[in-house]
Amino acid sequence: MTELKITRTTLSDGRELIYFDEPGTPDRTAADERGLPEVLTESWMRRDPLTGEWAIYAAHRQNRTFLPPANEDPLAPTRPGQKPSEIPEDDYQVVVFENRFPSLSMRLDIPEGYAPFVDGQELFERAPAFSRCEVVCFTPDAEGSFKDLPLTRKRALIDVWAHRTAELSALEPVNAVFPFENRGEEIGVTLHHPHGQIYSYPFVPPRMAAIARQAQAHRETYGTSLFDALLAAELASATRIIEETDHFVVFTPAAAKWPLEVMVMAKRAVPNFAELTTAERDDLAVICDKLFNAVDQFFPGIERTPYIAAWNQAPVDAPEDGRFHLQLFSLMRSPGRMKFLAGSESGMGAWINDTTPETIAATLKEAYS
């Protein structure tokens with residue numbers, strides 16, 4: 001694929017916006033005329049002394065944009081007669097910008113000499129939530145979703161995620177980079193316009209940390225890669241395999257938690273988007289073209305399956321402790337019915353699935369083509 005044309009600009013409140021275009025696209029020169037005040041937020045982290053996990057507090061997000069009318073779509077291009085949006089140009093291909101209502105930010109209004117403990121108690125550690133959250137706009141069209149993008153746009157987005165992973169990983173506070181997409185009001189989306197997000201964290205989040213621990217333990221015990229062993233076992237079993245390509249394995253994991261869950265894992269020991277070869281990126285785009293279509297055929301009578309597309313990458317400082325993979329899952333358990341994370345799941349983190357991984361895989365495989 002030809003290298004994308006990248007144009008950087010700044011919105012009126014100081015946030016960065018980046019256009020990603022095909023070569024030959026006219027220069028992006030439009031300015032943000034909204035005159036927004038400078039973005040300064042108060043985002044904090046507190047560490048739970050019982051689990052050791054960090055929680056993020058971002059009270060300024062309470063009043064963020066929520067399901068606006070079509071003529072106030074903040075991810076639409078800015079066109080004559082319409083309310084100015086986050087994107088000054090009257091058209092675009094892919095755009096990435098700093099979130100206006102970020103959970104974590106490099107633009108924090110934190111006083112010098114802040115107390116590192118809550119109420120002066122050393123057991124209750126806290127710190128500013130310095131990092132960066134970005135929005136990734138897939139298309140200027142407000143309708144449709146990732147599934148409906150042409151293959152060339154899906155392929156371009158892989159390059160965009162790779163670019164952002166590399167740049168965000170180089171920021172001093174960042175320990176993890178997580179691109180993801182939420183789709184559906186059932187999931188909690190606040191904007192219908194096709195888009196995703198990228199969170200970079202100043203810590204390694206729980207799922208990534210748990211995978212890293214398991215990878216380390218397997219390596220110390222067996223001297224081999226946990227991820228190679230997992231793929232070998234799934235391929236040998238074959239009951240949950242949806243497709244095997246030259247570079248990836250598409251499967252429902254043997255211990256799937258969600259009513260609909262599928263993984264796309266790299267065969268090679270690759271930690272993140274940025275390290276994928278051109279051939280791997282091409283292969284991944286074709287897989288996504290088929291997989292997201294299959295997900296929308298999973299439930300009878302449901303045209304748009306609500307889902308979370310979670311692009312898992314290795315910790316920034318421990319690439320050997322992760323393996324690049326997509327975990328695509330839905331909280332819908334049957335047509336029109338959602339799985340609620342109630343007592344066992346929310347209270348104890350112990351999942352109960354109402355189906356089997358083998359059933360999930362068989363249903364997806366039937367629709368996968």
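Start by selecting R183 and D296: their side chains meet in a salt bridge, with 2.3 Å from N to O. Here a salt bridge is a side-chain nitrogen of Lys or Arg within 4 Å of a carboxyl oxygen of Asp or Glu. You are looking at a predicted model, in which local features need pLDDT of at least 70 and side-chain atom pairs count only at pLDDT 80 or more, while totals for chains, interfaces and linings use all residues. Residues are numbered from 1 along each chain as its sequence is written, and side-chain values use heavy atoms, leaving out hydrogens and water.

Now colour by domain. Select 5-199 for domain 1 and 207-368 for domain 2; these bounds come from an automatic or database domain assignment. Their centres, taken over C-alpha atoms, are 25 Å apart.

Next, show the interface. Here 28 residues of domain 1 are in contact with 30 residues of domain 2, contact meaning heavy atoms within 4.5 Å. The two domains bury about 2600 Å² between them, 61% of it on carbon and sulfur atoms. That figure is the accessible area (1.4 Å probe) lost when the two parts are put together, summed over both. In domain 1, pick K147, I158 and R183: they lose the most area to domain 2, together 25% of what that side buries.

Back to the charges: five salt bridges cross the interface of domain 1 and domain 2.

Finally, select α1 (151-169) and β8 (176-183), the elements that give two or more residues to the side of domain 1 that touches domain 2. Such helices (H or I, at least four residues) and strands (E, at least two) are DSSP runs, numbered from the N terminus. α1 gives the most to that side, with 10 residues.
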